[in-house]
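Here's a quick, friendly tour for anyone meeting this structure for the first time. Take a look at the model, then read on.

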Amino acid sequence: MSEHGHHAKSGHGTLNEYIVGFVLSVILTVIPFWLVMADVLDSKTATIGWILGLGLVQMIVHLVFFLHLKPNTEDGWTLITLVGTVLTVAVCLVGSIWIVNKLHNHMRPHHNFEYVPESARDVIRR
């Protein structure tokens with residue numbers, strides 16, 4: 001009986017919630033496809049921005065409608081865990097990109113000198 005009470009508290013979604021989530025997912029998939037195939041926006045950067053933004057919205061739709069991740073689920077601990085995980089991954093990813101970029105800038109040879117032929121190098125050293 002106690003398992004049934006806990007199951008009812010966290011619960012699965014209703015058929016209407018699944019239908020709304022499915023319809024939103026289809027719409028959020030069709031819009032980026034249309035943006036690319038119809039070449040609606042002049043800028044490729046704007047197109048990429050819209051695709052990434054709609055992808056983020058679609059991830060939220062999946063979390064809410066299919067994974068039932070809501071602030072009141074399990075007293076909010078599931079949402080807090082997800083936020084902590086996302087922040088940890090974001091810090092690792094951004095930090096790694098930043099470190100690699102800095103290493104690339106410091107390891108790149110600086111070509112601000114003219115080419116000196118081998119035969120002329122001993123003349124320059126004197």
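## Two helices side by side

Angles here run from 0 to 180 degrees between N-to-C directions, and axes are lines fitted to C-alpha atoms. Keep in mind that this is a predicted model.

With that in hand, look at helix H2, residues 15-37, and helix H3, residues 44-66: their axes sit 10 Å apart, and the packing angle is about 170°. Angles over 145 degrees count as roughly antiparallel, so that's the label for H2 and H3.

## A nonpolar patch

Now for the surface. Ten names go into a nonpolar patch of about 900 Å²: Leu15, Ile19, Phe22, Val23, Val26, Ile27, Val30, Ile31, Trp34 and Val40.

Take one of them, Ile19. Isoleucine 19 belongs to helix H2, and its relative accessibility of 45% makes it partly exposed.

Glutamate 17 is in helix H2, while lysine 70 is in the loop between H3 and helix H4 (77-107), so the pair ties together parts 53 residues apart in sequence.

Are these two buried or partly exposed? Glutamate 17 is partly exposed, at 26% relative accessible area, and lysine 70 is partly exposed too, at 25%.

Methods:
Residues are numbered from 1 along each chain as its sequence is written. This is a predicted model: local features need pLDDT of at least 70, side-chain atom pairs count only at pLDDT 80 or more; totals for chains, interfaces and linings use all residues. Side-chain values use heavy atoms; hydrogens and water are left out. Helices (H or I, at least four residues) and strands (E, at least two) are DSSP runs, numbered from the N terminus. Angles under 35 degrees count as roughly parallel, over 145 as roughly antiparallel, 65 to 115 as roughly perpendicular and the rest as oblique. Patches are made of residues with over 30% relative accessible area and no salt bridge: like charges are joined within 9 Å, nonpolar side chains (Val, Leu, Ile, Met, Phe, Trp, Tyr) within 5 Å. Accessible areas come from the Shrake-Rupley method with a 1.4 Å probe; for residues, only the protein chains shown count as cover. A salt bridge is a side-chain nitrogen of Lys or Arg within 4 Å of a carboxyl oxygen of Asp or Glu. Buried means under 20% relative accessible area, exposed over 50%, partly exposed in between (1.4 Å probe, protein chains only).
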